[in-house]
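These are my notebook entries on one structure. I record below what I looked up and what I found.

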Amino acid sequence: QVQLVESGGGLVQPGGSLRLSCAASGTGFSINAMAWYRQAPGKQRELVAAIQRGGNTNYADFVKDRFTISRDNAKNTVYLQMNSLKPEDTAVYYCSMERLVGIVQYNDWGQGTQVTVSS
């Protein structure tokens, strides 16, 4: 069984930075796309950023030039560096991975990590 374990959330002041990590445990699979989503109270979950296996990235407009997604394929780990944080970035952040076992693809999710931006 594969688990995605997230870390790095917390409380930060506006303008501050946080770095989220998400690692997939287990063996016998490869990972295609990795992504970060977020869900604020009363709102739908939304895509923040995604990165393909080859390194191509895409970002939501509301985080461009502030957040950077990266990955370490050898460690099956995805990162989200968040700079210039704003109160509206407050949400639970979830990582997601497209996992391949042979020719079968699974979509896995982390448990979520709370990010709170407040003075």
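**Basis of the entries**

I note that this is a predicted model, in which local features need pLDDT of at least 70 and side-chain atom pairs count only at pLDDT 80 or more, while totals for chains, interfaces and linings use all residues. Residues are numbered from 1 along each chain as its sequence is written, and side-chain values use heavy atoms, with hydrogens and water left out.

**Salt bridges**

I took a salt bridge to be a side-chain nitrogen of Lys or Arg within 4 Å of a carboxyl oxygen of Asp or Glu. In general, side chains of opposite charge can pair when their charged atoms come close. My search of the whole structure gave 5 salt bridges.

I placed R38 in strand β4 and D89 in the loop between β8 and β9, so their pair ties together parts that are 51 residues apart in sequence. Strands here are DSSP runs (E, at least two residues), numbered from the N terminus. Both R38 and D89 are buried; I use buried for under 20% relative accessible area, exposed for over 50% and partly exposed for values in between (1.4 Å probe, protein chains only). For R38 the relative accessibility is 6%.

I then looked up E46, which also forms a salt bridge with R38, with 2.9 Å between the closest N and O atoms. E46 is partly exposed at 31% relative accessibility. I recorded that R38, E46, R66 and D89 are linked in a network of salt bridges.

I also found a salt bridge between the side chains of D61 and K64, at 3.3 Å from N to O. D61 counts as exposed at 65% relative accessibility, and K64 as partly exposed at 45%.

**Nonpolar core**

I defined a nonpolar core as a set of buried Ala, Val, Leu, Ile, Met, Phe, Trp, Tyr and Cys residues joined through side-chain atoms within 4.5 Å. In soluble globular proteins, nonpolar side chains tend to be buried together. The largest core has 29 residues, of which W36, V78, L80, M82 and Y93 touch the most other members. At least two residues of this core come from each of β3 (18–24), β4 (30–39), β5 (46–51), β7 (67–72), β8 (77–82), β9 and β11 (113–117).

I listed the contacts of Y93, where contact means heavy atoms within 4.5 Å. Leaving aside residues up to four places away in sequence, Y93 touches, among others, W36, Y37, R38, L80, M82 and V115.

**Aromatic pair**

I counted rings of Phe, Tyr and Trp (its six-membered ring) as a pair if their centres lie within 6.5 Å, with planes under 30 degrees apart called stacked, over 60 edge-to-face and the rest tilted. The structure holds 1 aromatic pair. Y37 and W109 form this tilted pair, at 4.9 Å centre to centre and 55° between the planes. Y37 lies in strand β4 and W109 in strand β10 (residues 104–109), so the pair ties together parts that are 72 residues apart in sequence. Y37 is partly exposed at 24% relative accessible area, and W109 is partly exposed at 38%.

**Loops**

I looked for positive phi values in residues other than glycine. D65 has a phi near 75°, lies in the loop between β6 (57–59) and β7, and is exposed at 83%. S84 has a positive phi of about 50°, lies in the loop between β8 and β9, and is partly exposed at 41%.

I found P41 in the loop between β4 and β5, exposed at 76% relative accessibility. P41 and A91 are 50 residues apart in sequence, yet 7.1 Å apart in space, C-alpha to C-alpha.

I placed N76 in the loop between β7 and β8, where N76 counts as buried at 14% relative accessibility. The contacts of N76, not counting residues up to four places away in sequence, are C22, A23, A24, F29, I31, M34 and M97.

Technical notes. Helix = DSSP H or I, 4+ residues; strand = E, 2+ residues; numbered from the N terminus.
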